[in-house]
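Here's a quick briefing to read with the structure open beside you. Take it one topic at a time.

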Amino acid sequence: MSDWGINVIFQGQNFLRLLEGLGVSMRIAVVSVLISSVCGIFLGLLMTSRYVAVRSLCRSYLEAVRIVPLLVWLFVFYFELTKVLHLQLPAEFVADIVFSIWGTAEMGDLVRGAVTSLPAHQRESGLAVGLTRWQVYRYVILPQAVRRLLPSAINLVTRMIKTTSLVVLIGVVEVLKIGQQIIEVSILKVPTASFWVYAIIFFLYFIICWPISLWAKHLEKRWQ
Amino acid sequence: MDQSFIAASIPLYIKAAGLTLNLAFWGVLLSLFVGAVCAVIGYFRIPVLCRIMQVYIELSRNTPLLIQLFFLYYGFAKIGIKFEAYTCAIGGLAFLGGSYMAEALRAGIESVGKIQIESGLSIGLTRWQLMRYIVLPQALAVAVPAIAANVIFLLKETSVVSAIALADLMFVAKDLIGMYYRTSEALLLLVGAYLILLLPLSLFFRYLERRLRNVGLGN
Amino acid sequence: MKETEKILLEVHKLKKNYGNKEILHGIDFSVHRGEVVVLLGPSGCGKSTFLRCLNGLEEIQSGSILLDGSIISDGKAEWYAIRQKIGMVFQSYDLFPHMTVIENILLGPLKAQKRKKNEVEKQAAELLERVGLLDRKDDYPAQLSGGQKQRVAIVRALCMNPEIMLFDEVTASLDPEMVREVLDVMKELAQQGMTMLIVTHEMNFARSVADRIVFIDEGCIVEESEPEQFFTAPQTERAQRFLDIFSYEN
């Protein structure tokens, strides 16, 4: 059976190790999604502020994060943070920081979009019945905005999960790295190992992201 | 900061920026083609192709480009299907971008009202003429902002191709860091290079969007 | 023989379903060349659906439609070719917003009918002149009022030299002051001998322009008569009730 390349996945601890590697990426994704959700909501609300200075400050943050590829930010933070702080930060920790900064920016923009898409008279009628600005947010704007926000926010989550694959390039030992290790060990015995290993990683990502995408699509249909 | 190091490195970055742009250009072009094919298949609800397209779109949207590239470049080589890294990179970008463009075009096509299609039919246009003269021109105008966003997205995604040993901007920076450990200089140049590529493009798209909105085709 | 020769459009036992619900229950109907027929009926009675079936915009479940004596509803004939002979104007918003007035009008004759450009341009100019919009020919639809748009839509259909024109509530979404200008164009068209099939809620217009009124209710033709008779002494109770509602509103 050794000529069946796919067996390489199930030899010894290989499959388990791949899953462990996937766990590393997913941990980064979960941590940064959580941080981004909380910070993103605040950023989004700040972006609807009536003060131009606040709005443009938030806007600059968003544009700065967006204007270069995320992989570049990963490198910049990985190398420069170390230098500035004079201590060697683990790559995983750097990934948490970068993904949170990026996620906050994107989530903030989604929140801003959801809030400003509500017709002005919603806010006005809230104020008209004597609610404070905060109360208008809490009872009128947010409940409606959440419905507009949730599908796109969930899509952002899949985007963040997919993007965690980049962390291998700053040396985080995750699923792709472990895949490469497995390939190196078995390349002589199983020449097609890399095909099967990369195929399985491809499908592992797919199996995680696909249901989430379907959920987003489902919500979008239900709430439109 | 070592200024002479920066000056000496600039030509390397210019050459690499050429490759980045080249990959982005062909990636965008092919993505648009794939997206248009998908949009047409969806519009005419062509039976079997519709299914295949759905599978493709789900696969493309729910897997990372880096993994797609590794699978394409290292994986397929081992079962006898060898592509050059350059081909893989463009293929990967088109595989990824195609589904994004398809979505942009689909949304544009759906924005064209039913009444538009019916009045097109009522003056005796064929399905193809309808697509050519009525649906596409209006759909494209609506889809421009989404397409523009995808172009920027794809240009940024090209940074991943350094992982399959293509000498793009990212690759040059990594190389310089590896050889000389001049991280600050290498990364400064990297950020600068992407800014020079992306900033004008993104400003131009914003201008284009505003123009389109002001012209206001709608009733 | 002579009577049947004059028949331009004929419908036999036409049935139309939406899902399991039958909307039209076997309609028999015909229009003679040069005749102006107005379809009346309460909203949801199926009159618009009926009109759309005649143009192939709705698929029919059974029955047949004949234009000039030949069957057009059997799926063998190409609808796009038939539609060139059947002009249709819709309720609203049907000009192509990305084309100027003249481009809107020329599209069908040039692309569908493959006619010569200078010949069509001449005809288009004449028609635009007649509806008083020649000076607006290079404007975009967004620059026109609702009434002007509908007049252009009528010209666009006329420029195909159709044998029959279908009007589907063309004034229903216009502001009241613009209704008149569109109805005047239609009336002039009727006087010139165009064969017309009109769905409308403008009772006075219907009375003055129609050669025949066809009253439809719940997917059946309930009554067919000359306008004077229909409006003064309707034969059925349902038609009477329908007219009562309108006289109350007026």
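**Chain meets chain**

Chain A and chain B share two salt bridges, where a salt bridge is a side-chain nitrogen of Lys or Arg within 4 Å of a carboxyl oxygen of Asp or Glu. Keep in mind that this is a predicted model, where local features need pLDDT of at least 70, side-chain atom pairs count only at pLDDT 80 or more, and totals for chains, interfaces and linings use all residues. Residues are numbered from 1 along each chain as its sequence is written, chains are lettered from A and ligands numbered from 1 in the order in which they are written, and side-chain values use heavy atoms, leaving out hydrogens and water.

**Chains A and B**

- B:Arg206 pairs up with A:Glu63 in a salt bridge, with the closest N and O atoms 3.3 Å apart.
- Chain A brings 35 residues to the contact and chain B brings 36, contact meaning heavy atoms within 4.5 Å.
- About 3400 Å² is buried between chain A and chain B, and carbon and sulfur atoms give 76% of that; buried area is the accessible area (1.4 Å probe) that two parts lose on being put together, summed over both.
- On the chain A side, A:Ile67, A:Phe195 and A:Phe202 lose the most area to chain B, together 20% of what that side buries.

**Chains C and B**

- Here 26 residues of chain C touch 21 residues of chain B.
- The two chains bury about 2100 Å² between them, with 63% of it on carbon and sulfur atoms.
- In chain C, the residues that lose the most area to chain B are C:Phe96, C:Pro97 and C:His98, together 26% of what that side buries.
- There's one salt bridge across this interface: C:Arg52 joins B:Glu118, with the closest N and O atoms 2.5 Å apart.

**Helices inside chain B**

- Helix α5 (residues 114-122) of chain B packs on helix α6 (residues 127-157) of chain B at about 160°, with axes 10 Å apart; helices are DSSP runs (H or I, at least four residues), numbered from the N terminus, and axes are lines fitted to C-alpha atoms over the stretch in contact, with angles from 0 to 180 degrees between N-to-C directions.
- So α5(B) counts as roughly antiparallel to α6(B), the label for angles over 145 degrees.
- Their contact includes B:Ile117 and B:Leu121 of α5(B), plus B:Leu130 and B:Ile134 of α6(B).
- Helix α1 (residues 3-44) of chain B also meets α6(B), the axes coming within 11 Å and crossing at roughly 140°.
- That angle makes α1(B) oblique to α6(B), oblique being what is left after under 35 degrees (roughly parallel), over 145 (roughly antiparallel) and 65 to 115 (roughly perpendicular).

Key: Helix = DSSP H or I, 4+ residues; strand = E, 2+ residues; numbered from the N terminus.
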